[in-house]
Amino acid sequence: MGTELWMVVAVAAGLGLLVALAGLWMMGRLRTKSIGVMLAVVVVVAVAATLAGVVAIIMKMIIEGPVKDFVLSVVAVGGLVGLGVAFVLAKRVVRESRRLVDAVRDMPFVAPQGLPAELQTIANTLEEAYARERALEGARRELVAWVSHDLRTPLAGMRAMAEALEDGVVSDPATVARYHRQIKLEVERLSAMVDDLFELSRIHAGALRLSRARIGLADLVADTLAGAEPLARAKGVMLTAEAAETVPVEADAGALGRALGNLVVNAIRHTPSDRTVVLRAGVDEGMACLSVTDCCGGIPDDDLPRVFEVAFRGEAARTPTADGGAGLGLAIAQGIVEAHNGVIGVVNDGPGCRFEIRLPLVSG
């Protein structure tokens with residue numbers, strides 16, 4: 001009896017394996033067909049594998065006579081029931097899939113409800129992706145409109161001054177020299193704006209390449225302070241620094257220096273004369289922390305979440321000021337910090353606000 005059992009198991013397993021391989025081949029051929037067809041193939045494979053086992057038993061004459069007919073009938077009915085259930089399930093899946101496709105074709109996309117769990121997850125993910133895409137598209141359009149305005153104003157002034165010089169309308173040396181200085185200033189401002197746009201496009205495209213090395217935040221603060229000192233002196237703003245001696249991080253010194261420099265320049269621009277901007281570097285809650293505190297008077301609570309948005313200046317007017325930028329510096333700083341696996345934020349603090357950059361510490 002034991003030998004016959006093992007023989008039946010071996011024959012049934014062999015036939016089942018052949019049926020499974022045939023089913024996998026068939027599903028590979030039908031991989032681009034409807035889900036209903038796929039489910040039908042699965043049920044057919046299951047029934048065929050069961051029939052193969054029954055045939056193996058019959059071949060060994062373990063089941064004979066009416067019993068054999070009963071077994072075959074039960075297997076056949078089970079197969080038909082399986083096919084029926086697969087058909088109903090496939091029909092529902094196809095119907096819900098088409099409902100999802102119809103929702104995708106409608107704009108704006110709203111995730112349909114009541115779908116099977118996997119399709120519902122796909123629908124919810126698509127809704128979030130479409131929402132992000134709409135927000136990014138709106139930000140891009142707004143950026144193009146704002147930058148176009150920012151470019152048009154200095155270009156119009158430069159054209160007017162160039163035409164005045166060319167036509168001889170302005171001839172006295174003092175005015176000519178002033179026009180030349182102003183044109184040079186506007187060219188430098190436009191060049192800086194183009195550089196910012198290029199940097200921001202690299203960040204958004206994920207093309208920012210960092211050359212990481214172990215650096216100390218105290219050195220970074222000292223370099224930033226030296227670079228911003230002329231602007232602070234011209235504005236009448238005092239710069240001070242409070243940096244711990246050893247705060248090591250793995251970072252691109254140039255990129256992180258630009259992010260910190262953007263925060264300092266922003267703080268100087270919004271701090272009145274005879275007030276102070278403070279740079280701090282230290283360790284807080286196990287993270288390397290860089291902060292820039294100014295005396296800008298604070299940021300309205302409604303504007304705090306928007307500070308790092310592209311081209312946000314905190315004012316409705318888009319006319320460039322003598323020391324203002326295109327409103328891209330904070331967005332660039334955020335992109336650089338996030339590329340370093342850090343976080344950047346802003347809070348109101350005393351007579352102004354405090355921008356903070358938090359980065360992972362280097363152990364050892």
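This is a predicted model: local features need pLDDT of at least 70, side-chain atom pairs count only at pLDDT 80 or more; totals for chains, interfaces and linings use all residues.
View 1. Because Glu242 lies in strand S2 and Arg280 in strand S4, the pair ties together parts that are 38 residues apart in sequence. Arg280 is partly exposed as well, at 33% relative accessibility.

View 2. Is Thr293 buried or exposed? With a relative accessible area of 11%, Thr293 is buried; the cut-off for that label is under 20%. The side chains of Thr293 and Arg280 are joined by a polar contact of 3.3 Å. Beyond its neighbours within four places in sequence, Thr293 also touches other residues, including Val277, Asp349 and Cys353.

**View 3. The open sheet around S5.** Five strands make up this open sheet, in the order S2-S4-S5-S7-S6 and with mixed pairing. At the edges stand S2 (238-243) and S6 (343-349), each with a single partner strand, so one side of each has no neighbour in the sheet. From one strand to the next, the twist averages 15°. S5 and S7 (residues 352-360) run antiparallel and are joined by 7 bridges; across this pairing, Cys289 stands opposite Arg358 in S7.

**View 4. Two helices lying across the sheet.** Helix H6 (residues 217-235) lies across S2, S4 and S5, and runs at about 180° to S2. Helix H7 (residues 253-270) lies across S2, S4, S5, S6 and S7, at about 30° to S5.

**View 5. A network of salt bridges.** Which residues are linked in this network? They are Asp284, Asp349, Arg354, Glu356 and Arg358. Asp284 forms a salt bridge with Arg358, with the closest N and O atoms 2.3 Å apart. That pair links distant parts of the chain, with Asp284 in strand S4 and Arg358 in strand S7, 74 residues apart. Arg358 counts as buried at 17% relative accessibility, whereas Asp284 is partly exposed at 30%. Arg354 forms a salt bridge with Asp349, where the closest N and O atoms are 2.8 Å apart. Asp349 is partly exposed, at 30% relative accessibility.

Methods
Residues are numbered from 1 along each chain as its sequence is written. Side-chain values use heavy atoms; hydrogens and water are left out. Buried means under 20% relative accessible area, exposed over 50%, partly exposed in between (1.4 Å probe, protein chains only). A polar contact is a pair of N or O atoms within 3.5 Å; within protein, one must be able to donate a hydrogen and the other to accept it, and residues adjacent in sequence count only if both atoms are side-chain atoms. Contact means heavy atoms within 4.5 Å. Two strands pair if DSSP finds at least two bridges between them. Helices (H or I, at least four residues) and strands (E, at least two) are DSSP runs, numbered from the N terminus. Axes are lines fitted to C-alpha atoms, for helices over the stretch in contact, and angles run from 0 to 180 degrees between N-to-C directions. A salt bridge is a side-chain nitrogen of Lys or Arg within 4 Å of a carboxyl oxygen of Asp or Glu.
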